Amino acid sequence: MKQVVQNYKSGELALLDVPAPGCRPGGVLVRSAYSLISTGTELMKVSEAGMSMLGKARSRPDQVAKVAQSVATNGMSATYRKVMNRLDSYTPLGYSLCGVVEEVGAGIDEVAVGDLVSCAGNEHALHAELNWVPKNLYAPVPDGLAPRHAAFGTVGAIALQGVRQGEPQLGEVALVVGLGLIGQLVAQLLTASGARVVGVDPDPVRCELAVGLGAAACGAPGSPTVENAVAELTGGHGVDQVYLAAGGGSNEPVELAARLSRDRGRVVDIGKCRLDLPWNAYYEKELDVRFSRSYGPGRYDPEYELQGRDYPIGYVRWTERRNLACFLDLVARGRVDVEPLVSHTADFADAVETYRSMNDGGLKAVAVLFRYPGRPEEAPDRRPAPPQVAVPPVPRGAAPAPARRVAGAPVRLAFAGAGNYATSMLLPHLSGRDGVELSTVVTTTALSAANARRKFGFAHATTDLDAVLGDPAVDAVFVVTRHSSHAELTRKALLAGKAVFVEKPLALTEEELTEVLAAVEESGNDRLQVGFNRRFAPLLREAAQRFGPLTGSANLRYLVNAGRLEHGSWYLRHGTEGSRFAGEGGHFIDTASHLLGADPVSVYAVTTPGTGDLQVVLRYPGGSTATLSYLTTGPSAFPKETLDLVADGRALRLDDFVRASVYGRKRWVSSRLPKARDKGQRAELDAFLRAVRTGGPMPVSLESLVATTTATLAVPTALATGAPVTLAEAR
């Protein structure tokens, strides 16, 4: 196999053919998919190897002291031979990678051949095609996490351990000195923990990158940008923590830490920088100086790293391996984004040239990856297939797509509105997608249209909706404006012959719903989808599939912990935008109807006076019922949505779209690793685009959309009368 090695005496770098390691008990043999170059630690080694012997001695005074001790003990001649032998040997490089388990050693039962794992260790996660990795130095990669991102596991664990040493609290302000690879990850982790971050680095490109990833402000050491940001964010008191992630021989980082820290602040050393602490400055503020030891507890303990003896979680909460797994989970859930840090990806065959280019300054990078032959993206994935996001079955009978669509042509989309929901939940799934062309964005203000055009790549931006509706090249219109305009814009788009995706609600009154249906009848165009995305959520679909079809009546309970609205929320404009439940309730009624396989036939509702809390009872054909608790008084820490379905001696439980379970003859529980909440927006868009492209039925029948909207609008009537309202009467 091939492996990157270096001769520390001559500085030579080579990609050598070396024997493949065997698989020993207590570990796994891993075939590398991607390995990460540590642009700090590894480049320091490469740079030191190119120095003269005197330069090497100056850069490593700790090793010089060991040599002096050896001379005193063993004599000059023996020590010289020992030192020269060690220097004139090939040493490995690398300590962070992701790969596929090729063989499992005795005593390992939590992973299997074909599993994807992230590996750590400067003796076990090397830049090599194969590595043997002991149990406590690897962690399974969460489903859906790309191998190239999982290769960041080790450096992520180092950054995470540093943040843990700083003990950040919500609302605190932290200073990160050095915005290389570790510093960038520290800044993101701090932001994810609720702290505000000011970054320091002489490189303006790295400063810009950190700000783009969530830092409040960044600038060069001693710049007014840094000083002013710290003063503004802390009220002049100074930062709560300083994280030293810089390298080099300058003492400026520790001096800057003292100057910008608050009284009794914390200073955490993560990088390898000079630490001549200015005594007066640190004493007067009584600064708490802490060190972060690499990946966390277990590092440098051979019983932990080599023999696999874990520390009890009750005594050591975060070990090397737990830090590694935690970081992977954060990346998988989108709390940390490593992709913007990747400056370059090189084939493993070009490893030597890549190192030389980095060392010479030709390649300036934050993170560089090596990709290996036969990695999972190129070879069949031998891991168990994750649950598939399938387009749900839709009823037949929808009108065919307009005949003017050319087979194979991209679906051309126009957006009416580009607010928060459109830009955060819809457009990210559409921008850059094959077979989709973002034609025109329409907003009420020119600047918002221009911003959407720039960010998502619309071909045109305008404030003239009529011009868009009259454009024969536009296939579908997305209506994502304020609730009060949904029905009217949908009506116009249907009359113009466009397929329409309207974000919920479809209508705020029965009169508006009647007008939409009149447009369908007048135009013969029923190509309509409302943004009821929860029925498309992958986790809910998998749970429903495992639950199986209903054969008798069912009982469903849906608890929505909606929470209180912030002051000034436009949801409070009941006179123009309708009630909050009118805007949101359709989501939950549609989900219940989807699971019960029918549309509701009656609605009953009660409210708790003075709170806005609602209890809505829906009755379905065959005796099934759904109870929807829509609460605004629950604690914010409690999950937003929990759902239970009981029928035919079985039970389904959904916990906030991150975990699900089914109880029957056998019990099924989804992965216990927390995942990002996927409430089905992407799968819903997949289904809608497929219908527009192929001319097939819309993902949800028009009859179902109308029934859900009618049930939502019937709630105020049920509250007013104190009696159940049949939907036939509500219509």
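Which residues in α18 meet which residues in α19? Ala487, Thr490, Arg491, Leu494 and Leu495 in α18 meet Glu512, Glu515, Val516, Ala519, Val520, Glu522 and Ser523 in α19, where contact means heavy atoms within 4.5 Å. Please keep in mind that this is a predicted model, in which local features need pLDDT of at least 70, side-chain atom pairs count only at pLDDT 80 or more, and totals for chains, interfaces and linings use all residues. Residues are numbered from 1 along each chain as its sequence is written, and side-chain values use heavy atoms, with hydrogens and water left out.

**The chain as a whole**

- The secondary structure of the protein chain comes to 25 helices and 31 strands; helices (H or I, at least four residues) and strands (E, at least two) are DSSP runs, numbered from the N terminus.
- Of the 731 residues of the protein chain, 50% count as buried, a word that here means under 20% relative accessible area, with exposed over 50% and partly exposed in between (1.4 Å probe, protein chains only).
- Among contacts between residues at least 6 apart in sequence, 68% join residues at least 24 apart.

**Helices that pack together**

- Two packed helices are described by the angle between their axes and the distance between the axes.
- The axes of α18 (residues 486–495) and α19 (residues 510–523) come within 9 Å and cross at roughly 5°; axes are lines fitted to C-alpha atoms, for helices over the stretch in contact, and angles run from 0 to 180 degrees between N-to-C directions.
- That angle makes α18 roughly parallel to α19 (angles under 35 degrees count as roughly parallel, over 145 as roughly antiparallel, 65 to 115 as roughly perpendicular and the rest as oblique).
- The contact of α18 with α19 has six nonpolar, two polar and four charged residues; Ala, Val, Leu, Ile, Met, Phe, Trp, Tyr, Cys and Pro count as nonpolar, Asp, Glu, Lys and Arg as charged, and the others, Gly among them, as polar.
- Helices α6 (residues 153–166) and α13 (residues 320–332) pack at an angle of about 105° with their axes 8 Å apart, and are therefore roughly perpendicular to each other.
- Residues making this contact include Gly153, Ala157 and Leu160 of α6 and Asn323, Phe327 and Leu328 of α13.
- By class, the contact of α6 with α13 divides into six nonpolar, five polar and one charged.

**The six-stranded sheet**

- Six strands form an open sheet with parallel pairing, in the order β11-β10-β9-β12-β13-β14; two strands pair if DSSP finds at least two bridges between them.
- β11 (217–219) and β14 (288–291) stand at the edges, each with a single partner strand, so one side of each is left without a neighbour in the sheet.
- From one strand to the next, the twist averages 20°.
- Strand β10 (residues 196–200) is joined to β11 by three bridges, and Gly199 stands opposite Cys218 in β11.
- Helix α9 (residues 224–234) lies across β9, β10, β11 and β12, running at about 165° to β10.

**The three-stranded sheet**

- Three strands form an open sheet in the order β2-β1-β4, with antiparallel pairing.
- At its edges are β2 (13–17) and β4 (90–92), each of which pairs on one side only.
- Here the twist averages 50° from one strand to the next.
- Strand β1 (residues 2–7) pairs with β2 over five bridges, and Val5 stands opposite Ala14 in β2.
- Helix α14 (residues 351–360) lies across β1 and β2, running at about 165° to β2.
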